[in-house]
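This report goes through one structure, from the overall fold to single side chains. Please keep the sequence and the 3D view at hand while reading.

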Amino acid sequence: MSPTAKDKDTVKAFWAKIAGKADDIGTDALSRMLVVYPQTKTYFSHWKDLSPGSAPVRKHGQTVMGGVADAVKKIDDVSAGLLSLSELHALTLRVDPANFKILSHNILVVLATMFPTDFTPEVHVSVDKFLAALSRALSEKYR
Amino acid sequence: MVHWTDKERSTVRAVWEKLDIDQIGPEALARVLIVYPWTERYFGGFGDMFTATAVLNNSKVAAQGKVVLKALDRAVKNMDNIKGTYAALSRMHYEKLNVDPDNFRLLADCITITVACKLKGDLSPQTQATWQKFLSVVVEAMGSQYS
């Protein structure tokens, strides 16, 4: 299920269109994740405000989308490219990998709401495969 | 029994009223076949589904998409007994159609994405939460008669 060359081209082309809104995408995706899947709030008990669009949510959304942007740049070898992020998630953050799927789903929902005409089924499948590869790369060092 | 607040009921109705079944149904089914191509195993007689374009132009896919979304209307109208509403349909998908129930979850996700394209900003985080709760009850009901 790894992204093909065609998937990678699709992702890069779509990313070029949406990169300017990366911060908004990150904020919205994270906001939705915390509301729609309340169990994910357990990872952020140290935040003062978990409501949609709050300051900590905005800041963390930026961080997450920065990681996605990096993965797009290193799309030809996501595993190698995200090695330090992988170690961070495995050894320090220890986020249950099931949550990568949850956040990925919410990123897809946000892309659909913000770019309804560009987020065609073909773009949808390529982005989904890319996010799955990203999630696999982040889970690499877990055990 | 699933508990629905008044707000959740009105949210599901409000989302449903904004949807054109004849548009959303075909698109949601096309998405599930394109994004999760193994789902094509259940639609052997539908002809050409080899490319995304073929799926999107396939009239049988479009017709079946409308059938599926029309069936979802029954859940909207019977939120207090979604399990009972879909008992026979669940049994049919199990015994006659041999559908792996995980596919209901995949289709639900594609319906949500299609709805997101249509509603855009109107699909607030809270609305999304309620809509997904509704679909998860539908998915569970569709798997309920598998034994």
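Predicted model: local features only at pLDDT ≥ 70, side-chain atom pairs only at ≥ 80, totals over all residues.

**Confidence and overall form**

For the complex, the predictor gives an ipTM of 0.92 and a pTM of 0.95. Chain B has a mean pLDDT of 97, with 100% of its residues at 70 or more.

Chain A has 7 helices and 0 strands. Read from the N terminus on, its elements run α-α-α-α-α-α-α. The C-alpha trace of chain A spans about 40 × 35 × 20 Å along its principal axes. Of its 143 residues, 48% count as buried. Among the contacts in chain A with a separation of 6 or more, 74% come from residues 24 or more positions apart.

**Annotated spans**

UniProt, in an unreviewed entry, lists "domain: Globin" for residues 2-143 of chain A. That span of chain A is 70% helix and 0% strand, and its end C-alpha atoms lie 21 Å apart. For chain B, the feature "domain: Globin" is placed by UniProt at residues 3-147, again from an unreviewed entry. The span 3-147 of chain B is 71% helix and 0% strand, with its end C-alpha atoms 25 Å apart.

**Helix α5 of chain A**

Which residues of helix α5 of chain A are buried? In this helix, residues 83-93, the buried residues are A:Ser86, A:His89 and A:Ala90. Seen down the axis of α5(A), the buried residues fall within an arc of 90°, so they line one face of the helix. The face turned away from this buried side carries A:Ser84, A:Leu91 and A:Thr92, which are exposed. The cover over the buried residues of α5(A) includes α6 (98-114) and α7 (121-139) of chain A. Just after α5(A) comes A:Arg94, with a positive phi of about 50°.

**Salt bridges**

Side chains of opposite charge can pair when their charged atoms come close. How many salt bridges does the structure hold over all chains? The count over all chains is 11. The table gives some of them.

| Pair | Closest N to O distance |
|---|---|
| A:Lys129 and A:Asp7 | 2.7 Å |
| A:Asp24 and A:Arg58 | 3.6 Å |

A:Lys129 forms its salt bridge with A:Asp7. This pair links distant parts of the chain, with A:Lys129 in helix α7 of chain A and A:Asp7 in helix α1 (residues 5-18) of chain A, 122 residues apart. Are the two partners buried or exposed? A:Lys129 counts as partly exposed because its relative accessibility is 23%. A:Asp7 has a relative accessibility of 7%, so A:Asp7 counts as buried.

A:Asp24 forms a salt bridge with A:Arg58. A:Asp24 lies in helix α2 (residues 22-36) of chain A and A:Arg58 in helix α3 (residues 55-73) of chain A, so the pair ties together parts that are 34 residues apart in sequence. A:Asp24, at 34% relative accessibility, counts as partly exposed. A:Arg58 is partly exposed too, with a relative accessible area of 38%.

Because B:Lys133 lies in helix α8 (residues 125-143) and B:Glu8 in helix α1 (residues 6-18) of chain B, the pair ties together parts that are 125 residues apart in sequence. B:Lys133 has a relative accessible area of 26% and is partly exposed. B:Glu8 is buried, at 16% relative accessible area.

**B:Arg9**

B:Arg9 has its place in helix α1 of chain B. With 22% relative accessibility, B:Arg9 counts as partly exposed. Which residues does B:Arg9 touch, not counting residues up to four places away in sequence? They are B:Trp4, B:Met79 and B:Asp80. From B:Arg9 to B:Arg91 the separation is 82 residues in sequence and 27 Å in space, C-alpha to C-alpha.

Technical notes: Residues numbered from 1 in each chain as written. Chains lettered and ligands numbered in written order. Heavy atoms only, no water. Buried < 20%, exposed > 50% of the residue type's maximum accessible area, 1.4 Å probe, protein only. Helix = DSSP H or I, 4+ residues; strand = E, 2+ residues; numbered from the N terminus. Arc of directions from axis to C-beta. Contact = heavy atoms within 4.5 Å. Salt bridge = Lys/Arg side-chain N within 4 Å of Asp/Glu carboxyl O. UniProt positions renumbered as here; feature names shortened; annotations may be inferred. pLDDT = per-residue confidence, 0-100.
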